[in-house]
Amino acid sequence: MKNSRRKETVDHDDTLLLVAILPAELQTALHRLPLDELLEVVMDLGRPPEARFPERVVRLAERPVTHEELAHVTALTGEFGDDNRAGIERTLHRISAIRNRKGQIVGLTLRVGRAVHGVIEILRDLVESGQSILILGRPGVGKTTKLREMARVLADDVGRRVIVIDTSNEIAGDGDIPHPGIGDARRMQVPRVDRQHAVMIEAVENHMPEVIIVDEIGTEAEAAAARTIAERGVQLIGTAHGTTLENLIKNPTLSDLVGGVQVVTLSDEEARRRRTAKTVSERRAPPTFEIVVEMVDRDEVIVHRDTAAAVDAILRGFAPRGERREQGADGQVHVRDEEPLLADTPPPPMAELAERRGPVRIYPYALSRDLLERVIRGLGLDARTVGGPDQATLIIALRSRADDLRLKRIVDAGEASLHFIKRNTANEMRRLLERIFHLMGGEEDDLLAGVIRETEEGIRRALEEGVAVELAPQRPALRKMQHRMIAGQGLVAESVGREPERRLVIQPLRDE
């Protein structure tokens with residue numbers, strides 16, 4: 001990627017407008033502090049007021065906040081909306097209220113909002129590509145700041161017709177006139193939070209944008225609106241709740257943003273060809289967003305350029321690492337590919353592993369061997385641990401070690417299959433081994449087919465007859481498979497009883 005010199009500019013004068021709405025004593029205390037580093041001011045009834053900075057918290061007074069001081073601040077802000085947020089006209093600051101059960105304000109969080117230019121060089125090539133981009137990241141990592149700068153760059157530098165859907169006035173500020181931080185992009189405000197999806201559609205139908213920018217896609221209706229926008233050929237740039245692509249896939253409300261997930265039952269021949277169980281999870285549709293960006297930090301991101309391929313890999317049990325980008329203090333952007341190991345090699349079925357002479361030989365790479373042996377004994381598996389990777393038919397490692405060069409050399413040099421777990425715990429090891437060892441031939445295939453038939457019949461009865469259906473007891477791994485099948489049909493199952501008689505009861509659909 002082309003290196004660029006970082007040129008960030010921040011308007012600190014706006015911060016003085018936030019300070020100005022505070023009581024005089026707190027203003028005096030704040031002016032003694034570095035305002036260019038201020039994150040937020042917190043005022044809770046009956047507690048001393050605080051100023052929060054990146055590395056510290058400073059008390060602004062020793063006495064507690066009073067009702068009168070809270071009323072003084074709220075009188076100088078804009079009107080609070082249904083989301084308990086207000087602002088200061090033509091600024092990016094956000095004032096959020098905490099209310100008691102009577103609806104009275106008993107706490108305020110005054111968060112500093114800044115328009116920072118030059119923060120999207122790390123993603124600029126993607127933004128200008130015309131592809132739809134979904135940004136994930138923890139709160140406070142700078143997603144909204146990047147959205148604001150993307151709006152300005154696309155409108156001013158690239159010359160595209162950009163509309164910002166501003167639900168809480170965080171992107172373009174409070175008041176009727178948008179903050180200059182979004183440049184020539186247009187802004188549509190949202191009257192109520194639950195109307196965001198309708199305003200998204202209205203923007204496309206009425207104003208002919210080439211780009212729509214929206215913050216915090218969080219409901220099923222908003223996800224559906226996003227798909228409608230993308231299908232009409234409009235570039236969509238948005239953020240969603242979640243920190244990683246894997247989190248999003250597991251979120252039933254928002255998984256449609258990346259194609260959705262469905263549970264399918266394969267034929268015997270197809271299952272053998274794929275070397276998987278007969279019941280698998282697959283992507284349901286093309287993703288709404290072609291690119292997913294995971295924000296690790298303000299200057300570090302992981303980019304999945306092909307969302308469909310990344311989702312498919314995760315559903316097959318792999319961990320796509322994407323493209324890691326880091327921007328240094330000198331403005332240089334460093335890019336390195338972190339493709340998943342053995343991404344095209346699905347886990348081999350245990351019938352095949354058993355043919356490799358005797359017990360399955362497992363090498364724990366940088367994991368607790370004693371813990372793994374206890375899990376193997378507890379599951380009664382025909383397996384044992386080995387002291388070296390050259391003796392193994394299976395290697396288990398932490399997912400965080402996916403880019404370990406030594407591990408890559410071990411895998412490349414041998415024939416062992418590699419599997420990842422998230423944490424070095426017995427539960428993680430048990431889940432992985434149950435998943436692998438339940439992919440067996442012979443009697444195990446017959447058992448699995450019988451469980452699938454019974455579950456499908458139970459689903460049919462619950463849907464057509466509207467009755468609760470109790471299934472036969474099964475071990476935990478098979479119950480988990482049943483849960484996925486049932487959820488895939490829009491139903492809910494409850495687990496009842498104790499092991500080894502624990503079983504599922506499929507609940508019928510409830511009339512609204």
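1. Among the contacts in the chain with a separation of 6 or more, 58% are between residues 24 or more positions apart; contact means heavy atoms within 4.5 Å. The model is predicted, with local features requiring pLDDT of at least 70 and side-chain atom pairs pLDDT 80 or more, while totals for chains, interfaces and linings use all residues. Residues are numbered from 1 along each chain as its sequence is written, and side-chain values use heavy atoms, without hydrogens and water.

2. The chain has 16 helices and 26 strands, taken as DSSP runs numbered from the N terminus (helices: H or I, at least four residues; strands: E, at least two). Of its 512 residues, 49% are buried, that is, under 20% relative accessible area (1.4 Å probe, protein chains only).

3. The largest nonpolar core holds 32 residues, of which L134, I165, I212, L245 and L257 touch the most other members. Such a core is a set of buried Ala, Val, Leu, Ile, Met, Phe, Trp, Tyr and Cys residues joined through side-chain atoms within 4.5 Å. Elements giving two or more residues to this core include strand 9 (133-137), strand 12 (211-217) and helix 6 (196-207). Helix 6 supplies the largest share, five residues.

4. Beyond its neighbours within four places in sequence, L134 contacts G238, T239, A240, L248, L257, F289, I291, V292 and V293.

5. Three strands form an open antiparallel sheet in the order 24-26-25; pairing requires at least two DSSP bridges between two strands. Strand 24 (469-470) and strand 25 (492-496) each have a single partner strand, so one side of each lacks a neighbour in the sheet. E470 stands opposite V505 in strand 26.

Notes: Buried means under 20% relative accessible area, exposed over 50%, partly exposed in between (1.4 Å probe, protein chains only).
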